[in-house]
Amino acid sequence: MTVAEIRQAVIDILSDIAPDQDLSALNDEMSFREQLEMDSMDFLDIVMELRKRYRIQIPEEDYPQLASMASTVAYLEPIMKDMPKK
Amino acid sequence: MNAHSSRQRAGDPQFSSYDVVVIGAGLAGLTAANILGRAGHRVLLLEQHDKLGGLATWFKRKGHIFDVSLHGFPVGMIKSCRRYWSPEIADAIVQLKRIHFDNPMFSLETTFDRRDFTRLLVERFGVAPPAVDAFFDAARQMNFFDDQSVTTADLFERYFPGREDVVRLLMEPITYANGSTLEDPALTYGIVFSNFMSKGVYTFEGGTDRLIGMMADELRRNGVDVCLRCNVDQVLCEGGRVRGVLVHGRPIAARAVVSNANLLGTIFDLVDARHWPADFLEQARQVRLNNSSTQVYFGIRAGDTIDEEQCGDLLFTSTAPRFCAQSLLSRDVTSRTFSFYYPRTRPGHNRCTIVASMNSQFADWADLPPEEYRRAKQALIDDTLQCLEKYVPDVRQRIDWMECGTPRTFARYTKHWQGASFGTKFEGLAVSRAMPNVIGGLYHAGSVGIIMSGWLGAVNYGVIVANEVDAFLLNNSSQSSFSEETALP
Ligand SMILES: Cc1cc2nc3c(=O)[nH]c(=O)nc-3n(C[C@H](O)[C@H](O)[C@H](O)COP(=O)(O)OP(=O)(O)OC[C@H]3O[C@@H](n4cnc5c(N)ncnc54)[C@H](O)[C@@H]3O)c2cc1C
C-alpha cells in the first residue's frame, strides 16, 4: 500500500468510529484529539479495527504513536507498505 | 464465523473446548464475550446465578419490577452500547433530567451537567466563575498518569477552599456512585466526574430486564455459548499458562480465560495459590475492596402515581449537618439516594417503584444471627420509610410491597467478597491489569480501581480486555489448547 492508501485506510476506520464527524478538513499534523471529539475508547477502536482489517498488532506502548494522522501513517507505513490494497 | 449454535440454558457447556471462557455475566463479562464472539472466536460464558447481568439486575414481586442498579449512568454508555452492542440498545438510553438534593446545607434541582453546575455554583453558592471553570478544566484533564498522592480533598481545597457545601454538592453523588471518599486519589475523582457529571445522568428505557434481554439476543447472534447456573470452581493452569476451567467437576479447555468474578475471588478462590508468584500475591493482599450497599424497595399500588415535579428522578437526601463519606457507610443511616421510577421507565408497564440505596459495610451485617438480622432489616425499612414520608405524602398507604437488600444479599447473588458493590479501590486496577503477565492467557475484567466501575466502567473494561484477548489469540493461534495436548481426566 502507498502512503496515500494507508491514509485512506485510517480515514475509513475513523469514519466508522466517528460517523458524525467531518473528516474532510482533517489537519494531518494536528492531534486527532484536538480536532475530533475522541476519547481513549476511540483510540482503542482504531487499534482493534487495524487488527481486524489488516491483522496488524499494535502493542500498548506504541498507542501514543496514533496521536495524529501524520504520526499514525508514519508508524503504519513500514508495516503496511508490502500489503496489497484492500 | 464459528459453527457453534448459541443458546442460553441452565446446565452444562455444549463442548469441552473453546477459544475463550468468560467466567461471570456481569456487564464486563457480557461485553467481553460479545466482542470476542463477534470477532469469530468460540466463546463460552459461564454464570453461576440463574440470570445474566450480575449487579445489573432486577427482580419481580407482586406485579412490580425492581431495578437494583439503574439509578443512572453517564452519557458515554450510549456510544459504548452502539459500538460494542447494538444501535437498538443505544437508542433506548434516555436522560434523567430531574436530580434533586436535599440536606441541611442546601435543597436544589439540577440537570447534573457542567453548565447547570456552573450556574448553581455561581448563582446559589456565590463561587467566582473563573474558579468553577478552572475546577472543571482541571478535573477533565486528569488522567491515569497523574500523581496519586494528590487526594480528592486536596483538589477541592485548591479550587473551593473551606467550602464544605460545594464539596458536598460535587462529592456526595460520586460517593454513592462508586464508594470513593475524599481520601481517594484526585485522579479517580477527576476521571469519574468528567465522565459522569459533565453531561447529565442517563437511564435505560424499558428497565434492566429489557437491556439484559437485548444483550442476550445479541450474544446469541454472535454465537456465544451461554450457560447459567454454572459455577466455575477452579481456573486450570499449567506451566505459567491458563488451560481452562473446572465446572461441575468437568474440565473445559480454553486458550484464554476472562474472569469477571471479583478480583480477589479470582486470585484467591479460583486459582490454586501455587500458580501465583509470591510478590503478586503480596500485591493482591494489599488491595482494599470497596464498600457494599443496602437497599430498600417500595412498590406503589397499581393505578397510583408519584408526583414527578415534587420527587424528581433521583434524590440525594441527608439529615447529616455536614458531609462525611465515612458516615455514609454507617448502619446508623443519615444519607440516602432515592430513585423514583415512573411508568415511563417501562412503557406499557404502568407502575411506580421507589428504590432507596445506602452505602454500607459488610462487617456490620455479616455475623448477625438470624433474629437480629431480621430485626436490622426491619429497622432499615422503617427508617427509610420515615425518611420517604417527607417527600411522598401518605406513602405508607400507597405502598403494597416493601423489602430490603443487604451486603449479604449482594454477596450471595454475585459472590463478591464482602458484597462489594463497586469492586476495589484504586490499587486493584494494577493487579487486575497484571494478571495476564503472571499467568499467560488469564485476564480479569470487572469493576476495579474506582474508575473501572459502574455500568459504563464495567462495559468499557470488558472492551479493553477483549481487545487484549483478541490480540493474544491471534498471536497464539498456532498453539492448540490442552484438550488436544494432554488427555483430559
Ligand atoms: C446497590 C447498587 C447500586 C448500583 N447503582 C449503580 C448505578 O446506578 N449506576 C451504575 O453505573 N452503577 C451502579 N452500580 C454499580 C454497577 O452495578 C457495577 O459496577 C457493575 O454492574 C459491575 O459489573 P461487573 O462486570 O464488574 O460485574 P458484576 O455485576 O459484579 O458481575 C460478576 C458476575 O460474575 C458472576 N460470578 C462470580 N463468580 C463466579 C464463578 N465462580 N462462576 C461463575 N460466575 C461467577 C456473578 O454471579 C456475577 O454475575 C450499583 C451497584 C450496586 C450494588
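Two residues are in contact if their C-beta atoms, placed from the backbone, lie within 7 Å. By this criterion, the contact between the chains takes nine residues from chain A and eleven residues from chain B. The chain A side of this contact divides into four nonpolar residues, one polar residue and four charged residues. The model is predicted. For the complex, the predictor gives an ipTM of 0.87 and a pTM of 0.93.

Confidence was examined for each chain. Chain A averages a pLDDT of 92, and 100% of its residues score at least 70. Within chain A, the lowest confidence falls in helix H2 (residues 32-35), with a mean of 88. The highest falls in helix H4 (residues 69-80) of chain A, at 96. Chain B has a mean pLDDT of 92, with 95% of its residues reaching 70 or more. One covers residues 1-7 of chain B, where the pLDDT is below 50 and the model has 15 contacts beyond near neighbours in sequence. The other covers residues 479-489 of chain B, again below 50, with 17 such contacts in the model.

Chain B is divided into three parts: domain 1 (8-55 + 210-288 + 422-485), domain 2 (58-96 + 202-207 + 290-414) and domain 3 (113-193). The C-alpha centres of domain 1 and domain 2 of chain B are 29 Å apart. Across their boundary, 21 residues of domain 1 of chain B are in contact with 18 residues of domain 2 of chain B. On the domain 1 side, two or more residues come from each of helix H1 (27-38), helix H9 (207-221) and helix H18 (454-475) of chain B. H18(B) gives the most to this side, with six residues. By class, the domain 1 side has ten nonpolar, eight polar and three charged residues.

The ligand is surrounded by 39 residues. The closest are Gly24(B), Gly26(B), Ala28(B), Gly54(B) and His71(B). Elements giving two or more residues to the shell are H1, strand E14 (292-300), helix H16 (407-414) and H18 of chain B. Domain 1 and domain 2 of chain B each supply at least three residues to the shell. Its composition is 16 nonpolar, 21 polar and two charged residues.

E14 of chain B also belongs to an open sheet. Seven strands of chain B form this sheet, in the order E8-E7-E15-E16-E17-E14-E18, with mixed pairing. Strand E8 (106-110) and strand E18 (399-405) of chain B are the edge strands, and each pairs on one side only. Neighbouring strands of the sheet are turned by 15° against each other on average, direction ignored. Inside the sheet order, strand E15 (residues 314-318) and strand E16 (residues 335-341) of chain B run antiparallel and are joined by five bridges. Ser318(B) has Ser335(B) in E16(B) as its bridge partner.

A hairpin was also found in chain B. Strand E4 (residues 58-61) and strand E5 (residues 64-67) of chain B run antiparallel, joined by four bridges. Arg61(B) stands opposite His64(B) in E5(B). Two residues lie between E4(B) and E5(B). One turn residue, Lys62(B), has a positive phi of about 45°.

Methods: Residues numbered from 1 in each chain as written. Chains lettered and ligands numbered in written order. Predicted model: local features only at pLDDT ≥ 70, side-chain atom pairs only at ≥ 80, totals over all residues. Domains from an automatic or database assignment. Nonpolar A, V, L, I, M, F, W, Y, C, P; charged D, E, K, R; others polar. Near = placed C-beta within 6 Å. Pairing = 2+ DSSP bridges. pLDDT = per-residue confidence, 0-100. Axes fitted to C-alpha atoms, helices over the stretch in contact; angles between N-to-C directions.
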